[in-house]
Amino acid sequence: MESTRITLRPYRSTDVDDLLLWGGDDRVTKSIHFNTLTSKEDALTFIEKSSIPWRRSICIDDRSIGIVVARPGSDDDRCRAEIGYALAVDYWGQGITPKAVKMAIPLIFNDFPEIVRLQALSDANNRASHRVLEKAGFVKEGMFRKYFYFKGEIKDVVLYSLLSTDSVPSLDP
């Protein structure tokens, strides 16, 4: 996929149908902190009232096909943010998510200058997510066994990080 066709932008109310398409798919939402959307009203509420401090729609030709989010810490944790992402199933395996994450990194560091560390907690069994993070320049730091309850299960997670001083791979290989 050409990186010039991939953009990140804020969500718009006109994204409701596209958001519902991927956000209503259990295959997409099973590994992320995101409740599967079940109606246009759910999608519109997500667009209008999300409490996520930084989020961008991953778009192909300006059509929403996914999301990149960052949740900055506060107080003593304000030096770091957790990053997350999701993509419509039809676009899996095309290299879009690593490119979108790479595009998001400088935006997050710019929008939150106090952040020096981005980190991601990835389900230990989600190898595709691990590859996304590695392609985007994140470093695997280790595994937290039985770290938290997630959608009814206790999960092992792998911790990845990227520092503001680290180099990020280019968008195109």
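## How α1 meets α3

In this predicted model, helix α1 (16–23) and helix α3 (residues 40–49) cross at roughly 105°, and their axes come within 9 Å. Because angles of 65 to 115 degrees count as roughly perpendicular, α1 is described as roughly perpendicular to α3.

Which residues make the contact? On the α1 side they are Val16, Asp17, Leu19 and Leu20, and on the α3 side Lys40, Ala43, Leu44, Phe46 and Ile47. Sorted by class, the contact of α1 with α3 has seven nonpolar residues, two charged ones and no polar ones.

## Leu19, inside α1

Let's stay with α1 for a moment. Leu19 belongs to this helix, and its relative accessible area is 0%, so Leu19 is buried. Setting aside residues up to four places away in sequence, Leu19 touches Ala43, Phe46 and Ile47, along with Tyr11, Gly24, Phe34 and Leu37. Ala43, Phe46 and Ile47 are also among the α3 residues listed for the contact with α1.

Follow the chain onward and you come to Asp25, in the loop between α1 (16–23) and α2 (26–29). Is Asp25 buried or exposed? Its relative accessibility is 14%, so Asp25 counts as buried, since the cut-off for buried is under 20%. Not counting residues up to four places away in sequence, Asp25 touches Thr36 and Val89.

## Helix α4 and its bend

Helix α4 (residues 96–111) has 16 residues, which at 1.5 Å a residue should span 22 Å; the end C-alpha atoms are 23 Å apart, so the two values agree. There is a bend here to look for in the structure: α4 bends by about 25° at Ala104, and the proline Pro106 follows within four residues.

Ala104 itself is one of the buried residues of α4.

## Tyr160 in strand β7

Tyr160 sits in strand β7 (residues 153–163). With a relative accessible area of 1%, Tyr160 is buried. Leaving aside neighbours within four places in sequence, Tyr160 is in contact with Leu118, Gln119, Ala120, His130, Leu133, Glu134, Phe138, Val139 and Lys140.

Tyr160 and Met143 are 17 residues apart along the chain, and their C-alpha atoms are separated by 9.2 Å. Leu19 and Tyr160 are 141 residues apart along the chain, with 27 Å between their C-alpha atoms.

Technical notes:
Residues are numbered from 1 along each chain as its sequence is written. This is a predicted model: local features need pLDDT of at least 70, side-chain atom pairs count only at pLDDT 80 or more; totals for chains, interfaces and linings use all residues. Side-chain values use heavy atoms; hydrogens and water are left out. Helices (H or I, at least four residues) and strands (E, at least two) are DSSP runs, numbered from the N terminus. Buried means under 20% relative accessible area, exposed over 50%, partly exposed in between (1.4 Å probe, protein chains only). Contact means heavy atoms within 4.5 Å. Axes are lines fitted to C-alpha atoms, for helices over the stretch in contact, and angles run from 0 to 180 degrees between N-to-C directions. Angles under 35 degrees count as roughly parallel, over 145 as roughly antiparallel, 65 to 115 as roughly perpendicular and the rest as oblique. Ala, Val, Leu, Ile, Met, Phe, Trp, Tyr, Cys and Pro count as nonpolar, Asp, Glu, Lys and Arg as charged, and the others, Gly among them, as polar. The expected span of a helix is 1.5 Å times one less than its number of residues. The bend at a residue is the angle between axes fitted to the seven residues ending there and the seven starting there.
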